[in-house]
Amino acid sequence: MQIACPHCLARNRVPDERLADDPRCGQCHRPLLPAEPVALRGEDLPAFAAATGVPVVADFWAEWCGPCKSMAPAFAEAARARPLVQFVKVDTEASPQAAAQYGIRSIPTLVLFGGGREQARVSGALPAREITGWIDRHAA
């Protein structure tokens, strides 16, 4: 399976049977499937999602947003609960073009990608079990 590194964006091939073995990037040597959300620039999201064979959940958020801040621990908990899903955070203040490109009207908004395509989205702060349930229902 191909997995893009969430840190340096290098493309890596990982055998399916090795996905649970904490695979590391061949270029930067950091975890390919970290157990916590990783900040990603909005302009990198389309290529990252397209180059990653596991589901990608993007949290569109902003520093000034109270509900975004209150959901951050739940998003991190969901990342630990679903190790074969990439969890990324896109700051809408730093990447307003990404927010416009994806039609983000309110934050926090979670967008689930599979094969580089949007599979589902949900807006509003959610507890971890609702995030993982939403992923389980919509991940292809």
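**Helices and cores**

I began with α4, where I asked what covers its buried residues. The cover includes β4, α2, β5, β6 and β7 (117-123). The buried residues of α4 (128-138) are Ala 128, Ile 131, Thr 132, Gly 133, Trp 134 and Ile 135. I noted that this is a predicted model.

Next I turned to α2, which runs over residues 66-81 and has 16 residues. I looked up its reach: 24 Å from first C-alpha to last, close to the 22 Å expected. Where does α2 bend? I found a bend of about 35 degrees at Ala 72, with a proline, Pro 73, following within four residues.

I then checked burial in α2 and wrote down Cys 68, Met 71, Ala 74, Phe 75, Ala 76, Ala 78 and Ala 79 as buried. Their cover includes β4 (56-61), β5 (86-91), β6 (109-114) and α4.

My next entry is on the largest nonpolar core, which has 22 residues. Which residues have the most contacts inside it? They are Leu 45, Phe 60, Val 88, Ile 104, Ile 107 and Phe 113. Two or more residues each come from α1 (45-50), β4, β5, α3 (96-101) and β6. The largest share, four residues, is from β4.

Leaving out residues up to four places away in sequence, Phe 113 touches Leu 45, Ala 49, Pro 55, Val 56, Ala 58, Tyr 102, Glu 118 and Gln 119.

Last, I noted a second, separate core of 16 residues, including Met 71, Phe 87, Leu 112 and Ala 128. Two of these names were already in my notes: Met 71 is buried in α2, and Ala 128 is buried in α4.

How values were computed:
Residues numbered from 1 in each chain as written. Predicted model: local features only at pLDDT ≥ 70, side-chain atom pairs only at ≥ 80, totals over all residues. Heavy atoms only, no water. Expected span 1.5 Å × (residues − 1). Bend = angle between axes of the 7 residues up to and from the residue. Buried < 20%, exposed > 50% of the residue type's maximum accessible area, 1.4 Å probe, protein only. Contact = heavy atoms within 4.5 Å. Core = buried A, V, L, I, M, F, W, Y, C linked by side-chain atoms within 4.5 Å.
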